[in-house]
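Have a look at the model below, and then at my notes on its charged pairs and its core.

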Amino acid sequence: MVLEAAGRFDPVRVRRRFLDTFNATDTKIIRWEQEIAGFVVVRKRADHLYLDHLYIAFRFQRRGIGRKLIDGLKGEACAQGLPVRLTALKGSPANGFYRSCGFQLVSSDTLDNTYQWLPVTVR
């Protein structure tokens, strides 16, 4: 894993972050041909949708699954008139993926980058 090699991946932090905020109603299992390929967690906030987790197992990556999920989330956001926000660990390949999906960097700290995607409004 890229982040492990760079010394940026902390499995304890990742597990704690996931378990401390787990809510089954926000979590969807991703299936690919009857196999579990990953999971996604989207939380509805008053003023945005928050993509808290998107995990695709390595052997299922590069099949368009993540992009299809993001496109669906953007469709939901447009229907609700809400932006989508997310956080990605600095140095993670996920940063390039989210930028390629149209997300804009809005802030950064020592560990994470925060991104936002705004729905197009028709006037």
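1. This is a predicted model, and the salt-bridge count for it comes to four.

2. Start with R43, which forms a salt bridge with D26; their closest N and O atoms are 2.8 Å apart. This pair links distant parts of the chain, with R43 in strand β2 and D26 in the loop between α2 (11-21) and β1 (27-32), 17 residues apart. Both R43 and D26 are buried.

3. R43 also forms a salt bridge with D52, where the closest N and O atoms are 2.7 Å apart. R43 counts as buried because its relative accessibility is 6%, under the 20% cut-off. D52, at 9% relative accessibility, counts as buried too. Through shared partners, salt bridges join D26, R43 and D52 into one network.

4. Next, please look at D47 and R85, a salt bridge whose closest N and O atoms are 3.7 Å apart. D47 sits in the loop between β2 and β3 and R85 in strand β4, 38 residues apart. D47 is partly exposed, with a relative accessible area of 43%, and R85 counts as partly exposed at 26% relative accessibility.

5. Now the nonpolar side: which residues have the most contacts inside the largest nonpolar core? They are L51, V84, Y98 and F103, in a core of 21 residues. Elements that each supply at least two of its residues include β2 (35-44), β3 (49-56) and β4 (84-89), while α3 gives the most, with four.

6. Finally, zoom in on L51. Beyond its neighbours within four places in sequence, L51 is in contact with residues including V40, V42, I70, L73 and Y98, and also with R85.

Methods: Residues are numbered from 1 along each chain as its sequence is written. This is a predicted model: local features need pLDDT of at least 70, side-chain atom pairs count only at pLDDT 80 or more; totals for chains, interfaces and linings use all residues. Side-chain values use heavy atoms; hydrogens and water are left out. A nonpolar core is a set of buried Ala, Val, Leu, Ile, Met, Phe, Trp, Tyr and Cys residues joined through side-chain atoms within 4.5 Å. Buried means under 20% relative accessible area, exposed over 50%, partly exposed in between (1.4 Å probe, protein chains only). Contact means heavy atoms within 4.5 Å. A salt bridge is a side-chain nitrogen of Lys or Arg within 4 Å of a carboxyl oxygen of Asp or Glu.
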